[in-house]
Amino acid sequence: MRTSTRSRFWLLCLPLVACGGAANSEVSGVDQPAGGDDDPPPQILANRFLLAVPGPEAREEITLELDKAKALEMFGEEAARRIRLLDVDSTALLGHVLDSIRDACGKGWRIDRKNPGYDCAQTALGRTFGPAWRTSAEFGLVRLLGMTPANAELSGTSLETFAALVEQNPGTFRFDFPKVLAESLGIGRTDPVVPTDALVRALQENLLGTHPGIDNSAGKLPVTLYDALKDLATLPEKFGPVPREHPGVLVPDDASFATRSDVLGPDFRMHVIAESHLRRVRGVDLSSGGGDMFVMEGSTPLSFDFEDPERLVIQGVADVPTVDMRFATVEADHFIPACEADSGCRSYFLESIVTSGARRAYGRRSYDRCFVVLNGECLVGVAIGQGGAPPGWIAFANAIRGVTVPEPGFLWDLLAEVAQISLHDPTGDGTPDIPEGAARPVFALQNVPIGPSGAELVQAMRPTLQSQADLMANVIVGRFWENNHDLDFYVRRGAEGGPPLLYFVAPSDRKPDPAGSDRPKPYAYERPGFFTGPELAEGSRVSRRQIPGVLDTEHEKVPLSPGELVLYAEDDARDVYEIRILVPEEEGRDMVVDFEKVASRRSR
């Protein structure tokens, strides 16, 4: 439920002297002027009001102490969704996600051997793949991420017979196929064929960057105040499937899984000190009597310095924040030989992600090696970026009968082909276990480190919050005018040590609209200011917008000196009033204001 502006405003004003109770200027219950016990009060007439002579205006500060519930009450759900806390760099998060998936069935892929000895029952994540894990899409992606030159299973790929030539003739050559593959790629025998960092960047650009809720190629994850207060349970809603636009990065929650984070613990507290630019003034509504209102100095009601560690203190943030989430990938509904040549290869498809990752890893690769030479002719060899070909262009030399090799092409397209076949054949026997288009693995990940430490997150919040300081100020008390009286003029000090001034209201003085609008009442004064005659002739104007020593240049103002002053003014209904103000000589006594309507200019 949305918190009302009035509730938020008075919740904020509780610690402020300047926000204290209603004006004491109405006839009923009016405070008597200060003086001795024998001093008789002035006669109270129907149109007489007492106004205190204001003292020096001091700088006001407020302190907010908020936990999760109070923060949500203060800002309200709608505004909390608009306030961005920070943009989380997804690099570390995605790295942890890929590592968790790669190790879900054991770490045997790190060993220099053909069979990694996978067993998905070893880990909590692996057990979510079910009893038929050997033929699951999840295990297919595990094998793909853990594919190294040492354990690469190339059955069914265009490299199958080339690999078989070497593997079936041990001792014949001074090399094995893992050596051929590792040297060709320029990596170690137990390094992933597509490096993790390259896949992370591909995910950021292709999957995250194309999601409408993220929409940046750096993969920065926008986190709002509402997200944080809800322990990131909102992320599937933000980063989930978007019909006809995107398959989503996260899977929506259901009865079996709930997204959550421990980033803000139960002891979370936010201590904020802000400077208030609201000043409470007392004055007169010529048509109805005295009252008070808040006026604002500057463009916002509050100012914050979130960069100052003493004016923003955030406690209860986890040292190593983690998140539980379900991550998913999708593939095209058909085999894709090369993404650049297939208009149906969407950037968020797994085929495109692998291609992009491999291109990032090997886009500058050049290599030339002949493994078998006879009479100066290369019978078996690999050339990458040679003979005028661009870097990454791979061509195989083969003069051995019965051995087939891939057609010349880009290395990343070849690796994408191997990845697609491996994904659909998790058992690695050369027979696909998963039909094309059906490999859509989902991973229920628990306690995945977000990346930055709690202290780093708080530090990253500071400039982000500071950039939205005006938004936050207006969310908290931007509708302060809803509590104002409809004054025509009020009294305040114009300068330190200077005399009090009578201010005629200006357009910046916001008042509630009696018509019930959610905007301030329109400014309808035709002749604002104070005059010496009821005709309100310009030559009789005594108020000025510019007074030496007074910063304000918007309001029509009159200095108030001890004694009696007679003025004339018109309200926004175009009624003219005579105003008599008696300013006391003694300190601490109230001014007496008498007024009565003397004319109306409504029909003129």
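This is a predicted model: local features need pLDDT of at least 70, side-chain atom pairs count only at pLDDT 80 or more; totals for chains, interfaces and linings use all residues.
Helices and strands are taken here as DSSP runs, helices of at least four residues and strands of at least two, numbered from the N terminus. On this basis, threonine 329 is assigned to the loop between strand 11 (322-328) and helix 11.

The secondary structure of the chain amounts to 14 helices and 22 strands. Its radius of gyration is 38 Å, whereas a compact globule of 604 residues would have a value near 25 Å. Along the principal axes, the C-alpha atoms occupy a box of roughly 125 × 50 × 40 Å. Of the 604 residues, 51% are buried. The accessible surface comes to about 27600 Å², and carbon and sulfur atoms contribute 50% of that area. When contacts between residues at least 6 apart in sequence are considered, 67% of them join residues at least 24 apart. The chain carries 61 positive and 88 negative charges, and the mean positions of these two sets lie 2 Å apart. Phenylalanine 49 belongs to strand 1 (residues 48-51). With a relative accessibility of 6%, phenylalanine 49 is classed as buried.

Three disulfides are present in the structure. A disulfide is a covalent bond between the sulfur atoms of two cysteines.

Another disulfide is formed by cysteine 339 and cysteine 345, whose sulfur atoms are 2.0 Å apart. Cysteine 339 and cysteine 345 are both buried. A further disulfide joins cysteine 370 to cysteine 378, with an S to S distance of 2.2 Å. The link of cysteine 370 and cysteine 378 is right-handed, with 115° about the S-S bond. The residues of this pair are classed as partly exposed, a category that lies between the limits of 20% and 50% relative accessible area. Cysteine 370 falls in this category because its relative accessibility is 28%, and cysteine 378 does so with a relative accessible area of 27%.

Helix 5 (residues 137-145) is largely enclosed by the rest of the structure, because nine of its nine residues are buried. The buried residues of helix 5 are Ala137, Glu138, Phe139, Gly140, Leu141, Val142, Arg143, Leu144 and Leu145. Among the elements that cover them are helix 3, helix 8 (196-208), helix 11 (350-362), helix 12 (411-424) and strand 16 (442-449). Leu141 also figures in the surroundings of threonine 329: apart from residues up to four places away in sequence, threonine 329 touches Leu141, Leu350, Arg440 and Pro441. Threonine 329 is itself buried, its relative accessible area being 6%.

Two residues with positive phi values were also examined. Aspartate 215, a residue other than glycine, has a phi near 55°. Aspartate 215 is located in the loop between helix 8 and strand 4 (220-224). At 58% relative accessibility, aspartate 215 is exposed. Leucine 232, although not a glycine, has a positive phi of about 60°. Leucine 232 is placed in the loop between helix 9 (225-229) and helix 10 (235-239). Leucine 232 is buried, with a relative accessible area of 7%, whereas aspartate 215 is exposed.

Conventions:
Residues are numbered from 1 along each chain as its sequence is written. Side-chain values use heavy atoms; hydrogens and water are left out. The radius of gyration is taken over C-alpha atoms; the globule rule is 2.2 Å times the number of residues to the power 0.38. Buried means under 20% relative accessible area, exposed over 50%, partly exposed in between (1.4 Å probe, protein chains only). Contact means heavy atoms within 4.5 Å. Accessible areas come from the Shrake-Rupley method with a 1.4 Å probe; for residues, only the protein chains shown count as cover. Lys and Arg count as positive and Asp and Glu as negative; His and the chain ends are not counted. The place of a charge is taken as NZ of Lys, CZ of Arg, CG of Asp or CD of Glu. A disulfide is a pair of cysteine sulfur atoms within 2.5 Å.
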